[in-house]
Amino acid sequence: MSSTAPPSGIDHVDERLLRTTPLKKLLARPELGSVVGAAAVFVFFAVFADSFLRASSLGTVLYAASTIGIMAVPVALLMIGGEFDLSAGVMVTSSALVSSMFSYQMTANVWVGVGVSLLVTLAIGVFNGVMLTRTKLPSFIITLGTFLMLTGLNLGLTKLISGTVSTKTIADMEGFPSARKLFASQLTLGGVEFKVTILWWFGLVALATWILLRTRFGNWIFAVGGGAEAARAVGVPVRRTKIGLYAGVALCAWISGQHLLFSFDVVQSGEGVGNELIYIIAAVIGGCLITGGYGSAIGSAVGALIFGMTSKGIVYAEWNPDWFKFFLGAMLLLATLLNAWIRKRVEATK
Amino acid sequence: MTTGTSVTTATAPLVELDDVSKYYGNIRALEGVSLEVRAGEITCVLGDNGAGKSTLIKIVAGLHRHDAGTFRIEGEEVALANPRDALDRGIATVYQDLAVVPLMPVWRNFFLGSEPTKGKGPLKRLDAGLMRTTTREALLRMGIDLRDVDQPIGTLSGGERQCVAIARAVHFGAKVLVLDEPTAALGVKQSGVVLKYVAAARDQGLGVVLITHNPHHAHLVGDRFVLLKRGVMAGSHTKDSVTLDELTRQMAGGSELEDLRHELERPSAT
């Protein structure tokens, strides 16, 4: 195995390689822009809203962040994989509706409904993925179709089965207390109440980070988003990877949906519309490249945290909540510009 | 060129195409093309744009199936189902534009699709340390001295990217290396560097298919030459049987070049 070209730099440290300072390494992280943004939002509301810094506010802000964050994680992974899912918002509602109505109509233990809901939701996710990879149409079109169909199904079927736009309460049914404990309970820590969704959220972020950075599947996610043809040429199962990502969105939609159901007992069939954009915004603020191939799960969590702080901070500052959307839009623009600027600087210094 | 039979398996070429054709609907992309690739040799496929070079490469790489003729790998007749199938049979293809995923670090690109793992069950994970050191060593063995394997591969120059892709193919035990216009977008010096790595791969015992439209590059390293023109074979030579001038003339289309000269001369005459 002797090579013809004599390598020139085996034994000495390469003089072309400038020392990378820890600061520069930090700057290269995709979520940096969002962390700076989150700090700015925190300081802003700490100054302008007196009750923002109270311990009890922490639980509220984290809860608001977690309900978005649970979905922002798989949406971010999907975006790194180069695709969108516009049906993610209503899929949460669908999942809750299936669970609730199945249990109620069959008078079954709610856990049966929860299980059926898992299967149905996963099937929707796989449908998205299979349609996308088979037709090769843009995911924007495919999932827009699923979004509209689910929106109609949610309303239509609920009215058909329940007679109204919301489901019947299942609070007195068998299995409800234990399911509620898993999906919608509260924990008290140092006098502050924390919803269990925060644990789900942290767990999912950790799991997704592990998958992205330390598994073969994670490597494939980056590859199918950054160059699907190149990935296919070296033997990456592009189709399976994308279908897996859509199934991931469905799995998290199921978790979110069950939380929705078990914290309110009833589900409004019209809910969820518009949330898909909020998930995407959280992922983009968190540093995910909208064209795919770049981003992180932690970034999506920071994006969700910014969302939580802003939505609750405005309330604590006793401002009109109408301003919330304006803040969110400004944040999105600023974060994206900051991300683009940082990435350019980092790549220029290479 | 002789047609290989099952009797000659011991000396059968690594890859042999015999009278292979490919049609896209009513378009004749390739017809009656034959070539052979042997271990430690470089077979050059020359042709202008639209000559069918890409179609040929896609058949060998497993992206498309041939419609007629025979395709043998080490004497065995095959019809490749997909790129993975080709890889498993030892045929690695390096594409000019599609070789790598630009935003991913060099070491992740190097192992893409064949990542080593350690641990079991849910703890099964990428062996990142091994991946980094192996990437560095494999590149050094090919004579590529990379600054930092953690940098996104998109920050490397075109030539460096080609070299990484070649080193990757060599490392994963490819028997046949298919290179799609590796020097097309490169400057003179970088082209030389890439050709050096092509030669290095040959010296390690690989059979190489070099697709190019540059007869100078081809004649420098090639052992066999196949000329394509509008989907059919316009010539087939070994190194001894053809000179650079002859190759250049055939490649440029002989009489067509004459016509072109006349056309181009006219304005300067007035």
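A residue counts as buried if 20 or more other C-beta atoms, placed from the backbone, lie within 10 Å of its own, as exposed if 12 or fewer do, and as partly exposed in between. This is a predicted model: local features need pLDDT of at least 70, side-chain atom pairs count only at pLDDT 80 or more, and totals for chains, interfaces and linings use all residues. Residues are numbered from 1 along each chain as its sequence is written, while chains are lettered from A and ligands numbered from 1 in the order in which they are written.

**View 1. A:Val73 in helix α3 of chain A.** The helix spans residues 55–80; helices (H or I, at least four residues) and strands (E, at least two) are DSSP runs numbered from the N terminus. A:Val73 is buried because 31 other C-beta atoms lie within 10 Å. Its contacts (C-beta atoms, placed from the backbone, within 7 Å) include A:Leu204, A:Cys252 and A:Ser300, leaving out residues up to four places away in sequence. A:Ile298 is 225 residues from A:Val73 in sequence, yet 8.1 Å away, C-alpha to C-alpha.

**View 2. The two sides of helix α2 (residues 32–48) of chain A.** Its buried residues are A:Gly33, A:Ser34, A:Gly37, A:Ala38 and A:Phe45. The face turned away carries exposed A:Ala39, A:Val43 and A:Val47.

**View 3. Strand β10 (residues 207–212) of chain B.** Six of its six residues are buried. B:Gly207, B:Val209 and B:Ile211 lie on one side, B:Val208, B:Leu210 and B:Thr212 on the other.

Key
Contact = placed C-beta atoms within 7 Å. Expected span 1.5 Å × (residues − 1).
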